[in-house]
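Me: Hey, I've got a structure here that I've never looked at before. Can you walk me through it?

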Amino acid sequence: MPDTSSVPAGALSFETASWGRRVLAFVLDGVLSAVGVIAVMGIDGYLDDPSARWWVLTVWLMETTAMTWLGGGSLGKLFTGLCVVPATGPLRRINPVRILGRQILVALVIPPLVFRPDGRGLHDLFAGTATITFSTLQSLRGGA
């Protein structure tokens, strides 16, 4: 599994983020979502309620969708120096419905594990996105 690669011909030429950082971001988002649910339910409620895992998934889905739409990446992605950008065309906000679909596919786990040589999984192909580092974003914007 390659760490980084270029987007195919016909698209912007940039490297996608390493899988290690993406996994770390995913784990951070999961932990932050669980902490949020525990803050509301209390630790005993969290441990005793069999539906708590569904609340964590719901919070994760809402957080990752909203933050990716508004901030360019979930809290976990931003903490690990990653962001989600359109794979082609100008840098812009991504349609929130596409992001929601992307995040639902990530929650299904299999789509991110099926990926192209450029590092984009089925969830990215669906949404027309790519996950990149802040330094790659800066170079795309023409920064130093």
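This is a predicted model: local features need pLDDT of at least 70, side-chain atom pairs count only at pLDDT 80 or more; totals for chains, interfaces and linings use all residues.

Me: How much of the protein chain is buried?
Reply: Of the 144 residues in the protein chain, 38% are buried.

Me: What about contacts between residues at least 6 apart, how many of those join residues at least 24 apart?
Reply: That share is 63% for the protein chain.

Me: Let's get into the helices. Where do helix 1 and helix 2 sit relative to each other?
Reply: Helix 1 covers residues 19-48, and its axis comes within 8 Å of the axis of helix 2, with a crossing at roughly 135 degrees. Helix 1 and helix 2 are therefore oblique to each other.

Me: Is that crossing left-handed or right-handed?
Reply: Right-handed, as helix 1 passes helix 2.

Me: Which residues meet there?
Reply: From helix 1 you have F26, D29, G30, S33, A34, V37, M41 and Y46, and they meet A52, W55, V56, V59, W60, E63 and T64 of helix 2. Sorted by type, the residues of this contact between helix 1 and helix 2 come out as 10 nonpolar, three polar and two charged.

Me: Now helix 2 and helix 4. At what angle do they cross?
Reply: At roughly 140 degrees, with the axes of helix 2 (residues 52-71) and helix 4 (residues 96-107) coming within 9 Å. Helix 2 and helix 4 are therefore oblique to each other, and helix 2 passes helix 4 in a right-handed crossing.

Me: And who makes the contact in that one?
Reply: On the helix 2 side the contact involves L57, W60, L61, T64, T65, T68 and W69, while helix 4 brings in P96, I99, L100, Q103, I104, V106 and A107. The contact of helix 2 with helix 4 splits into 10 nonpolar residues, four polar and no charged.

Me: Are R102 and D124 buried or exposed?
Reply: R102 is buried, and D124 is buried as well.

Me: What does D118 pair with?
Reply: D118 forms a salt bridge with R116, with the closest N and O atoms 2.7 Å apart. The side chain of D118 also meets that of R120 in a salt bridge, at 3.9 Å from N to O. Through the shared partners, R116, D118 and R120 are joined into one network.

Me: How accessible is D118, and why does that make it buried?
Reply: D118 has a relative accessible area of 4%, and it counts as buried because the cut-off is under 20%. R120 is also buried, at 7% relative accessibility. R116 is partly exposed, with a relative accessible area of 30%.

Me: What's going on with phi of V109?
Reply: Phi of V109 is near 70 degrees, which is a positive value in a residue other than glycine. You'll find V109 in the loop between helix 4 and helix 5 (110-113). V109 is partly exposed, with a relative accessible area of 44%.

Me: Last one: where is T136?
Reply: T136 is in helix 7 (residues 134-140), and T136 is buried at 13% relative accessible area.

Me: What does T136 contact, leaving aside neighbours within four places in sequence?
Reply: That would be F14 and E15. The C-alpha atoms of T136 and T16 are separated by 8.3 Å, though these two residues are 120 residues apart along the chain.

Conventions. Residues are numbered from 1 along each chain as its sequence is written. Side-chain values use heavy atoms; hydrogens and water are left out. Axes are lines fitted to C-alpha atoms, for helices over the stretch in contact, and angles run from 0 to 180 degrees between N-to-C directions. Helices (H or I, at least four residues) and strands (E, at least two) are DSSP runs, numbered from the N terminus. Angles under 35 degrees count as roughly parallel, over 145 as roughly antiparallel, 65 to 115 as roughly perpendicular and the rest as oblique. A crossing is left-handed if the near helix is turned anticlockwise from the far one by less than a right angle, and right-handed if clockwise. Contact means heavy atoms within 4.5 Å. Ala, Val, Leu, Ile, Met, Phe, Trp, Tyr, Cys and Pro count as nonpolar, Asp, Glu, Lys and Arg as charged, and the others, Gly among them, as polar. Buried means under 20% relative accessible area, exposed over 50%, partly exposed in between (1.4 Å probe, protein chains only). A salt bridge is a side-chain nitrogen of Lys or Arg within 4 Å of a carboxyl oxygen of Asp or Glu.
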